[in-house]
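Good morning, colleagues. Please look at the sequence and the structure as I bring them up, and I shall then take you through a few of the elements.

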Amino acid sequence: MPPPNENSQPVPNPAISIRAAHLNDLPAILALEQTAQSAAHWTADHYQSRLQSQPQSACFLVAERQSAESNSQLCGFLCARIIGTVPAGTASVAEWEIENVVVLQECRRRGIGAALMRALIEEWQEHAGAAVLLEVRESNHAARALYERHGLRETGRRRAYYRDPSEDAILYARYRQP
Ligand SMILES: CC(C)(COP(=O)(O)OP(=O)(O)OC[C@H]1O[C@@H](n2cnc3c(N)ncnc32)[C@H](O)[C@@H]1OP(=O)(O)O)[C@@H](O)C(=O)NCCC(=O)NCCS
C-alpha cells in the first residue's frame, strides 16, 4: 500500500493541490500558523514530531497553490495525530485527532479547508480509523461550520479550557459506521 496522502488530490481550484506534508514544509507551516490568531499554536518541535511520525502516528496534509511564475506556495495545512494501535488484518481502533487546520487569510472561502478535511476523512476511512476527534474554541464559527460540514458532531464541552482569552472548548467527533 502506498504511504497515505502521497497522491495530489484535486480541489475545486485547479491551481491548488493537496499532498502529504514533508519536513522541508516546516518553515512555511510555522509562518502560516503565525498568521492565524484563532489557530492552535504549537512549537516547531511539535510539528516536526508529527511530520516525522507519518504515516503511522500522524496525518499531515498541505495545500499548495501554483503562482503565475509556476512557483508553488503553501496556502493551507491540516495536522492530525493518530492515537491508538492498528492491529494487522483487523479494523483499526485508532482515533484521529485533528490538532490544527489553517488556510492563508487571502485564500479562505475558496474550498481549501474543505479539500483538506475531505482528504483527511478519506485517509481515515481508508485506514478504517475508529473516530475523528477534535476540540475548538466555542467562538470559532468558521472552523465549527467546516467540521460540521464534514460529518463531525458536537459531543461535549470543556469549560474554560482555553486561555488568553478564557473560553470553553467544544468537542467534536465523527465515528466509523459499523
Ligand atoms: C477554518 C478555516 C481553516 C476554513 O478554511 P477555508 O478554506 O476558508 O474553508 P472553505 O472555504 O473550504 O469552507 C468550507 C466550509 O466551512 C465553513 N466556513 C468556512 N469559513 C467560514 C466562515 N468564515 N464563516 C462561516 N462558515 C465558514 C462553511 O460551511 C464553508 O462552506 P461554504 O463555503 O460552502 O459555505 C479558516 O477559516 C482558517 O484558517 N481559520 C483560522 C485558523 C483556525 O481557526 N483554525 C481552526 C483551529 S481549531
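This is a predicted model: local features need pLDDT of at least 70, side-chain atom pairs count only at pLDDT 80 or more; totals for chains, interfaces and linings use all residues.

**Strands, a helix and the ligand shell**

Strand 3 and strand 4, the latter covering residues 72–83, pair in the antiparallel sense over 9 bridges. Within that pairing, Ala-63 stands opposite Gly-76 in strand 4. Strand 3, residues 58–66, also pairs with strand 2, residues 16–20, again in the antiparallel sense, here over 5 bridges. There, Arg-19 stands opposite Val-62 in strand 3.

Which residues of helix 3 are buried? They are Ile-112, Gly-113, Ala-115, Leu-116, Met-117, Ala-119, Leu-120 and Trp-124. In an α-helix there are 3.6 residues a turn, so residues three or four places apart point the same way. Just after helix 3, Ala-128 takes a positive phi of about 50°.

Finally, the ligand. It is surrounded by 23 residues, of which the closest are Ser-38, Arg-108, Gly-113, Ala-114 and Ala-142. Where does the shell come from? At least two of its residues are supplied by each of strand 5 (95–103), helix 3 (112–126) and helix 4 (141–149). Helix 4 gives the largest share, 6 residues. By class, the shell around the ligand comprises 13 nonpolar, 6 polar and 4 charged residues.

How values were computed: Residues are numbered from 1 along each chain as its sequence is written. A residue is near a molecule or strand if its C-beta atom, placed from the backbone, lies within 6 Å of it. Helices (H or I, at least four residues) and strands (E, at least two) are DSSP runs, numbered from the N terminus. Ala, Val, Leu, Ile, Met, Phe, Trp, Tyr, Cys and Pro count as nonpolar, Asp, Glu, Lys and Arg as charged, and the others, Gly among them, as polar. Two strands pair if DSSP finds at least two bridges between them. A residue is buried if 20 or more other C-beta atoms lie within 10 Å of its own, exposed if 12 or fewer, and partly exposed in between; C-beta atoms are placed from the backbone.
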